[in-house]
Amino acid sequence: MTATTAPALTVRPAPAGPSLARLTGVELRKLADTRAGRWLLAAIGLIAAAIVAVQLFVLDDDAQTFTGFFTPSLLPIGLLLPVLGILSITAEWSQRTALTTFALVPRRERVVVAKLAALVLAALASVVVSLAVATVGMLVAQVTGGAGSWAFDWSLLLHAAVLQVANVLMGAAFGLLLLNTPLAIVSYLLLPTVWTILAAMVAALRGLARWLDTSATMEPLFGPEVTAGQWGRLAVSLLVWVAVPLAAGLVRTLRREVA
């Protein structure tokens, strides 16, 4: 009798997971998927435009400069970007989509990196929005008789990018650490404010506040020149308010059970 040979089994390689670029694109779409996200993104553009519109009415013709239109829009946008960062992180848990997301992409750290990359791109886009509305403001000012200058120190653009990226990552850090939208927003708004008040009331904390109070360490970024000492104080404050909670939040996200 002739022995029957069993058919050889074909071992197929596991399908490759989505690339980081594709995950980042998905996370960018998620930023505008919810009603809150859409309104927040719309508010960023509307606030920048509203500030320029107000300046056209209240500033003297000579004071209507490109830099004068660009810089004031950074602060209110910088206050909204952290909320966008928090929503991007906590929406997976509040909307109960984490189970689906982490089932499709089991390596959770890749999802987190994609979210952070999407937020950085959104922060950089907000700087472009500020540039765009400042340009429109200058064009309107010239049509209406303004005599302001188009002169612009390009180092201010770098500072604006650092400012907005730091703001959005700070929000994301609080979101990762707490994984709860209301708690993260309240903590983000309350803790730095409490620290600022304590530093103002307690003399012994004032020296420390120069290194840890982000409202103080980020203030030089609104100008064209930042000294080495100011960069150092900014780095220390971001280490405390961004890097540490971001690392702790990543560990918590990797270990948390998904219900």
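1. Ala, Val, Leu, Ile, Met, Phe, Trp, Tyr, Cys and Pro count here as nonpolar, Asp, Glu, Lys and Arg as charged, and the others, Gly among them, as polar. On that basis, the lining of the largest pocket divides into 13 nonpolar residues, six polar and one charged.

2. The model is predicted: local features need pLDDT of at least 70, side-chain atom pairs count only at pLDDT 80 or more, and totals for chains, interfaces and linings use all residues. Residues are numbered from 1 along each chain as its sequence is written, and side-chain values use heavy atoms, with hydrogens and water left out.

3. The largest pocket holds about 420 Å³ of space. Leu79, Asn167, Tyr188, Thr214 and Ser215 are the closest to its centre among the 20 lining residues. A pocket is an open set of points on a 1 Å grid over the protein atoms alone, where a 1.4 Å probe fits, with protein on both sides within 12 Å along at least five of seven lines; lining residues have an atom within 4 Å of a point. Helix H8 (181-201) supplies the largest share of this lining, six residues.

4. The second largest pocket holds about 300 Å³. Of its 18 lining residues, Lys30, Thr34, Leu87, Ala91 and Gln95 are the closest to the centre. H4 gives the most to this lining, with six residues. The lining comprises five nonpolar, eight polar and five charged residues.

5. Helices (DSSP runs of H or I, at least four residues, numbered from the N terminus) H4 (residues 74-94) and H6 (residues 108-143) pack at about 155°, with axes 11 Å apart. H4 and H6 are therefore roughly antiparallel (an angle over 145 degrees).

Key:
Axes fitted to C-alpha atoms, helices over the stretch in contact; angles between N-to-C directions. Helix = DSSP H or I, 4+ residues; strand = E, 2+ residues; numbered from the N terminus. Parallel < 35°, antiparallel > 145°, perpendicular 65-115°, else oblique. Points joined across faces, edges and corners; volume = space filled by probe spheres on them.
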